[in-house]
Amino acid sequence: MSRISRIAFVTIGQTPRSDIVPEMMAEIAAGLETQPSYEEFGVLDGLEGADLEAFLAKDGEHSFATRLASGEEIVSSKARTEERLNELLAEIDGKGFDIVVLLCTGTRIDPLKNTLVVEAQRIVDSTVEALAASCRNLGVILPLERQVAEFGQRHVFAGNPTVVSASPYSGGGMATGAKGVADCDLVVMHCMGYTAAMLDEVRGAVDAPVLLSRRVVAGVVRQMI
């Protein structure tokens, strides 16, 4: 029997995240006799109209790029999203899950009382920080151009990373983003929205190791099961 049998996947957008969760579960549960069950929860679930617009990022405000249930991209306020995220996590904490997997690489959360949390932000940044200490030029791909300027305030890596943007939700642009980090000797696709297919596209343009955030996180979760 797996130690982890119930997983809560939490997104800062809306569920279901058919673009993330099935791919991650395929890696997490590959070869297991007993498959863990999971549920998805979204910060923006059930919101529309004015309620949804209230989460939109204003000019100059730190932001997240995420996906609605329709597949449409939305740029949300970091502050308002994190406030609601912590409320949602507190609700999930009482539902008897073994582990919460947070599907965002830019959030700060409050500790939970009952449930272990896998924070994509901390796992990806810690992994990249360890590797970046010995690389000459780190390349980082982010979803939004506005996040490029914010990156130094939200993440601290050795040296001066080359940071470019390419949205995983709006279609196209991945090849252009890859060209911007073509001379780097380590590249991280710093968003859980980037897929395995997008990883292949970047690898086709970059002659260096490329880390996909969702695979880094899925690998940690698999080790826990």
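N137 touches N160, T162, D183, C184, D185 and L186, not counting residues up to four places away in sequence, where contact means heavy atoms within 4.5 Å. The model is predicted: local features need pLDDT of at least 70, side-chain atom pairs count only at pLDDT 80 or more, and totals for chains, interfaces and linings use all residues. Residues are numbered from 1 along each chain as its sequence is written, and side-chain values use heavy atoms, with hydrogens and water left out.

- N137 is found in the loop between α4 and β7; helices (H or I, at least four residues) and strands (E, at least two) are DSSP runs, numbered from the N terminus.
- With a relative accessible area of 23%, N137 is partly exposed; buried means under 20% relative accessible area, exposed over 50%, and partly exposed in between (1.4 Å probe, protein chains only).
- From C-alpha to C-alpha, N137 and L186 are 6.9 Å apart in space, although 49 residues apart in sequence.

**The sheet containing β7**

- Four strands form an open sheet with parallel pairing, in the order β8-β7-β9-β10; two strands pair if DSSP finds at least two bridges between them.
- β8 (162-165) and β10 (210-212) stand at the edges with a single partner strand each, so one side of each is left without a neighbour in the sheet.
- From one strand to the next, the twist averages 20°; axes are lines fitted to C-alpha atoms, for helices over the stretch in contact, and angles run from 0 to 180 degrees between N-to-C directions.
- Strand β7 (residues 138-142) is joined by four bridges to strand β9 (residues 186-189), and the two run parallel.
- Within this pairing, M189 in β9 is the bridge partner of I141.
- Helix α7 (residues 196-203) packs on the sheet and touches β7, β9 and β10; the direction of α7 makes about 170° with that of β10.
- Helix α8 lies across β9 and β10, at about 65° to β10.

**The sheet containing β1**

- Another set of four strands forms an open sheet, in the order β2-β1-β5-β6, again with parallel pairing.
- The edge strands here are β2 (37-42) and β6 (116-119), each of which pairs on one side only.
- Neighbouring strands of this sheet are turned by 20° against each other on average, direction ignored.
- Strand β1 (residues 6-11) runs parallel to β2 and is joined to β2 by six bridges; F9 stands opposite E40 in β2.
- Five of the six residues of β1 are buried, so β1 is largely enclosed by the rest of the structure.

**Surroundings of S37**

- S37 lies in strand β2 and counts as partly exposed, at 38% relative accessibility.
- Leaving aside neighbours within four places in sequence, S37 is in contact with S5, R6 and I7.
- S37 and I7 are 30 residues apart in sequence, yet 6.3 Å apart in space from C-alpha to C-alpha.

**Packing of α8 against α1**

- Helix α8 (residues 213-224) packs with α1 at an angle of about 45°, with their axes 9 Å apart.
- The two helices α1 and α8 are therefore oblique to each other; angles under 35 degrees count as roughly parallel, over 145 as roughly antiparallel, 65 to 115 as roughly perpendicular and the rest as oblique.
- In this contact, E23, M24, E27 and I28 in α1 meet R214, R215, V217, A218, V221 and R222 in α8.
- The residues of the contact of α1 with α8 divide into five nonpolar, no polar and five charged; Ala, Val, Leu, Ile, Met, Phe, Trp, Tyr, Cys and Pro count as nonpolar, Asp, Glu, Lys and Arg as charged, and the others, Gly among them, as polar.

**Packing of α8 against α4**

- Helix α4 (residues 120-132) and α8 pack at an angle of about 105°, with their axes 10 Å apart.
- α4 and α8 are therefore roughly perpendicular to each other.
- A120, I123, V124 and T127 in α4 meet S213, V216, V217 and V220 in α8.
- This contact of α4 with α8 is made up of six nonpolar, two polar and no charged residues.
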